[in-house]
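Here's a quick walk through this model, from the sheet to the interface. Have the viewer open and follow along.

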Protein chains: 2
Amino acid sequence: MSTPFVTVDVTVLDANLRAMADHATARGLALRPHAKTHKSPEIARRQLALGAVGLTVATVSEAEIFAAGGVTDLFIAYPIWPSPERAARLRALTEQAGVRVGVDSAESAEALGRAVPGLEVLVEVDSGHHRSGVLPAQAGAVAVAADKAGSLVRGVFTFPGHSYGPDRQRPAVDAESAALSEAAATLTARGLDASVRSGGSTPTAALSGDTLTEIRPGVYVFGDAQQVELGTCGWEQVALTVTATVVSRSGQRFILDAGSKVLGADQQAWATGGGRLPAYPDARITALSEHHATVVLPAGHVVPKLGVRLAVVPNHVCATVNLADELIVVDGGEVVDRWPVTARGANT
Amino acid sequence: MSTPFVTVDVTVLDANLRAMADHATARGLALRPHAKTHKSPEIARRQLALGAVGLTVATVSEAEIFAAGGVTDLFIAYPIWPSPERAARLRALTEQAGVRVGVDSAESAEALGRAVPGLEVLVEVDSGHHRSGVLPAQAGAVAVAADKAGSLVRGVFTFPGHSYGPDRQRPAVDAESAALSEAAATLTARGLDASVRSGGSTPTAALSGDTLTEIRPGVYVFGDAQQVELGTCGWEQVALTVTATVVSRSGQRFILDAGSKVLGADQQAWATGGGRLPAYPDARITALSEHHATVVLPAGHVVPKLGVRLAVVPNHVCATVNLADELIVVDGGEVVDRWPVTARGANT
């Protein structure tokens, strides 16, 4: 097989799946993994077999693909705007599976209620990430609009994306709990159902507050360099790597044939580089071109030879998977299967 | 059509193709466009019809796809390491098309010469980007190794990637000319052919020095926000945009349904944000999640309504195209065709 290619260690994967399932059970939380990370029906099947209540997805097209694969409980954790075509697709989807969507304004709640009657909705709350979502105090008003428009309000959700930073998990969890608690109260005060209080991300999953009824981690299945550098997983929990070849060397610098078109270009300000090399913990990926990773080793470290293959842990595994057509599945170092990334590019 | 999707204005595209072809002709340069940008046989066909001498590609798999599409002259501008499988693919490729590859060490030159006899090679030179490539003074030694190993040395090439920064085009062009000139002299001093001196990037194409015989721009076909912000193209020359929908609003912030899984995550330190909105020149994309672009407008500017569709110019169009399965071709605002991104994900 020519490099670069994406490998998943199925033993590590299964251990990750089981650990999160056990954590959710122990905490009495429903686990609804975010399938945007793996985009793979085979991994979804394993998650559901271990007790996940359903899947989270980001787009209607991801939902369509998993529904076609037999998943019957899907939450599109996104503030859907029901354009005529998207509304028609959502109506068709509700014939195939139980579907729940996000809503974050009275206007979109009204449009959605008209376009897709009887849809289950959760009100999206901004718990500090400042992306989509309403302030907690405004959740009740959105829920009332959804209810009046004929949607079935089930509760509230948030994404504590501000957990992605050193030492930011605990404050993000506290903000998430406070926001969901306040938002849920604005629904119950209006006589609306707030029984679902959904949150969570991989960095915060271990800390999830008592307010939550459901968590939606995604990255935990594979882990990645961001999680390792945040301290939320160890190297031994990283299930996905990109295999790349050393194609050029100069002094303490060498070049691998996996660049941003394979690894993805995500790089948070606090990241140490463009990904990590477990075999060379002191190496830093100082630049990513489309097909080059520029790696620098400290003085005195021996640079690998031309032609050597190395495993690279990408910074953000969701981006990596979405650039691949298939995952090469290994067990004990042997290739045992290939899983298609069925929902790759499912952006609509 | 549900958003997000990638649109190409064919009138703008054709004007860009013609302008670069005319520039190359006027300067007496061979034009060998880098097809990694468009990955599309239809656009390759147009480039060749306008006089391009062949195509540049980054990987053997890109070369395979364009050769299958009938392109007969391909330069893989990459320091190929000939693993057994890749060497076999290269040998098969040379049966289909004229193929030239990059080499940047005596060791890889020897391996390549043994594995793929009679291959045409160009020695890669580092003109200041500090990625792959040898120092100019070392080019002759690599060329001798390639020649002895049975390859056909044709000259030298470089990628002046350090042209990607404000006011860095002129210094990068000067460095490129000096490096290629010095490197070529080390070949001719050893009696080897240095008739190809290939360089160029979109930011430097207009300035290409007299040393060059060939230029390899890629991005010029579409333009992107990086090129506009560098001053190397105008908004009216941007042929590719992503159409996205406003799905959420809060104060001066709004969210579009095109994130890094559509636009790509590339963002140079000097970029103004995660892409640009021509209809809102003062708007800034302050964050990209996978399916959200967070856009902020200055105080006093009217935020677009929910459901409105807007064109987004990505920062780095090569990444955007590689995330799409097809390009929606428009002419005068009407959809006239769909072009598959045939070489999407061709990373090996």
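## Strands and the open sheet

Before any strand partners get named, one ground rule: two strands count as paired if DSSP finds at least two bridges between them. Keep in mind, too, that what you're looking at is a predicted model.

With that in hand, take chain A. Eight of its strands make up an open sheet, with parallel pairing, and reading across you get β2-β9-β8-β7-β6-β5-β4-β3. The edges are β2 (30-31) and β3 (55-57) of chain A, each of which pairs on one side only. As a reminder, strands in a sheet pair through backbone hydrogen bonds, either parallel or antiparallel.

To get from β12(A) to β13(A), the chain goes through a hairpin of four residues.

Which residue of β13(A) stands opposite Ile255(A)? That's Thr294(A).

Now for helix α6 (residues 139-148) of chain A. Its buried residues are Ala139(A), Gly140(A), Val142(A), Ala143(A), Ala145(A) and Ala146(A). An α-helix has 3.6 residues a turn, so residues three or four places apart point the same way. The cover over the buried residues of α6(A) includes β5 (98-103), α5, β6 (120-124), β7 (152-157) and α7 (169-188) of chain A. After α6(A) comes Gly150(A), with a positive phi near 100°.

## Ala184 in chain B

Hop over to chain B and look at helix α7 (residues 169-188), where Ala184(B) sits. Is Ala184(B) buried or exposed? Its relative accessible area is 7%, and under 20% counts as buried, so Ala184(B) is buried.

Leaving out residues up to four places away in sequence, Ala184(B) touches Val156(B), Ala194(B) and Arg197(B). Ala139(B) is 45 residues from Ala184(B) in sequence, yet their C-alpha atoms are 7.7 Å apart in space.

## Where the chains meet

On to the interface. Chain A puts 55 residues in contact with 55 residues of chain B. Between them the two chains bury about 4400 Å², with 47% of it on carbon and sulfur atoms. Tyr78(A), Arg131(A) and Lys261(A) supply 15% of the area chain A buries against chain B, more than any other three residues.

How many salt bridges does the rule find across the interface of chain A and chain B? Eight. In one salt bridge, the side chains of Arg344(A) and Asp325(B) meet at 2.9 Å, N to O. The polar contacts between chain A and chain B come to 30 residue pairs. On the chain A side, β4 (73-79), α4 (84-96), α5 (106-115), β10 (240-250), β11 (253-256) and α9 (260-263) each supply at least two residues. The largest share, four residues, comes from β10(A). By type, the residues of chain A that touch chain B divide into 16 nonpolar, 21 polar and 18 charged.

Technical notes:
Residues are numbered from 1 along each chain as its sequence is written. Chains are lettered from A and ligands numbered from 1 in the order in which they are written. This is a predicted model: local features need pLDDT of at least 70, side-chain atom pairs count only at pLDDT 80 or more; totals for chains, interfaces and linings use all residues. Side-chain values use heavy atoms; hydrogens and water are left out. Contact means heavy atoms within 4.5 Å. Buried area is the accessible area (1.4 Å probe) that two parts lose on being put together, summed over both. A salt bridge is a side-chain nitrogen of Lys or Arg within 4 Å of a carboxyl oxygen of Asp or Glu. A polar contact is a pair of N or O atoms within 3.5 Å; within protein, one must be able to donate a hydrogen and the other to accept it, and residues adjacent in sequence count only if both atoms are side-chain atoms. Ala, Val, Leu, Ile, Met, Phe, Trp, Tyr, Cys and Pro count as nonpolar, Asp, Glu, Lys and Arg as charged, and the others, Gly among them, as polar. Buried means under 20% relative accessible area, exposed over 50%, partly exposed in between (1.4 Å probe, protein chains only).
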